[in-house]
Amino acid sequence: MISRNLNSDCNTTLSNILNNKSKEIIEEANEALARAPLKHYKASSAKKNRERLTNLLSLTSEGIKSKNLVPMIEYAQQIAKERYKDNFDLQEIQIVFNILEEIVWKHITDEMKSLDYPEAFGLASTVLGAGKEAMAVEYVSLVSNRKDIKSLDLSELFKGV
């Protein structure tokens, strides 16, 4: 496995973008969410959806800054429980994470040097991906009434893993 030192300047720049552009990112994500065919999010107010996106972006930013995924994972597990109880489909919740990730990537390409894209994309996607996985595992565990599910092991589906 190839090891690469992460560029602390990239991390700082990305953290600054997420903090300084947070209102813009949230508004863009909220607009995209309003266009998505997601019945439960359409039934929620724009204000409520904005709050949800703000929490998710805040945890993404904090995870990147601190290199700690635990707060995102715990939040995602809690969201899975709440949304399951409220009859949301797993796909609906996953799409919200994907929308935010897409908007964050857009801001990375708008604000950062192209040489920093891979690392910045990796940082953002790692934090949001950890949240998506934790949420999916928790949701599947609730749907299946199995409490022994700890992760989704898909390694057998891919060569070289």
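Accessible areas come from the Shrake-Rupley method with a 1.4 Å probe, and for residues only the protein chains shown count as cover. By this method the accessible surface of the chain comes to about 9600 Å². Carbon and sulfur atoms hold 52% of that surface. The structure is a predicted model, in which local features need pLDDT of at least 70, side-chain atom pairs count only at pLDDT 80 or more, and totals for chains, interfaces and linings use all residues. Residues are numbered from 1 along each chain as its sequence is written, and side-chain values use heavy atoms, with hydrogens and water left out.

Confidence is expressed as pLDDT, the predictor's score for each residue from 0 to 100. The chain has a mean pLDDT of 85. A value of 70 or more is reached by 84% of its residues. Helices (H or I, at least four residues) and strands (E, at least two) are DSSP runs, numbered from the N terminus. Among these elements, helix α5 (residues 70–85) has the highest mean pLDDT, 94. The lowest, 70, belongs to helix α3 (residues 39–43). Where pLDDT is low, the predicted coordinates should not be read in detail.

The chain contains seven helices and zero strands. From the N terminus on, the order is α-α-α-α-α-α-α. A residue is called buried under 20% relative accessible area, exposed over 50%, and partly exposed in between (1.4 Å probe, protein chains only). Of the 161 residues, 42% count as buried. Contact means heavy atoms within 4.5 Å. Of the contacts with a separation of 6 or more, 73% join residues 24 or more positions apart.

A nonpolar core is a set of buried Ala, Val, Leu, Ile, Met, Phe, Trp, Tyr and Cys residues joined through side-chain atoms within 4.5 Å. The largest such core has 41 residues. L14, L56, I93, F97, L100, V104 and I108 have the most contacts inside it. Two or more residues come from each of α1 (8–20), α2 (22–35), α4 (46–66), α5, α6 (90–111) and α7 (117–144). Helix α7 gives the largest share, nine residues. In soluble globular proteins, nonpolar side chains tend to be buried together.

Two residues illustrate the packing. Leaving aside residues up to four places away in sequence, F97 touches L56, M72, A76, L128, G131, K132 and M135. A124 lies in helix α7. Its relative accessible area is 0%, so A124 is buried. A124 and L100 are 24 residues apart in sequence, and their C-alpha atoms are 10.0 Å apart in space.

Aromatic contacts were examined next. Rings of Phe, Tyr and Trp (its six-membered ring) pair if their centres lie within 6.5 Å; planes under 30 degrees apart count as stacked, over 60 as edge-to-face and the rest as tilted. A search of the whole structure finds three aromatic pairs. Y84 and Y139 form an edge-to-face pair, because their ring centres are 5.6 Å apart and their planes stand at 85°. Y84 belongs to helix α5 and Y139 to helix α7, so this pair ties together parts 55 residues apart in sequence. Y84 is partly exposed, at 32% relative accessibility. Y139 is buried, at 10%.

W105 and F121 make a stacked pair, 3.9 Å centre to centre with 10° between the planes. W105 lies in helix α6 and F121 in helix α7, so the pair ties together parts 16 residues apart in sequence. W105 is partly exposed, with a relative accessible area of 35%. F121 is buried, with 16%. W105, Y117 and F121 form one aromatic cluster.

A charge sits over a ring if NZ of Lys or CZ of Arg is within 6 Å of the ring centre and within 35 degrees of the ring normal. R83 lies over the face of F88, at 5.4 Å from the ring centre.

Backbone geometry was also examined. Most residues other than glycine have a negative phi, and most peptide bonds are trans. K67, not a glycine, has a positive phi of about 60°. K67 lies in the loop between α4 and α5 and is partly exposed, at 45% relative accessibility. N87, also a residue other than glycine, has a positive phi near 65°. N87 sits in the loop between α5 and α6 and counts as exposed, at 58% relative accessibility.
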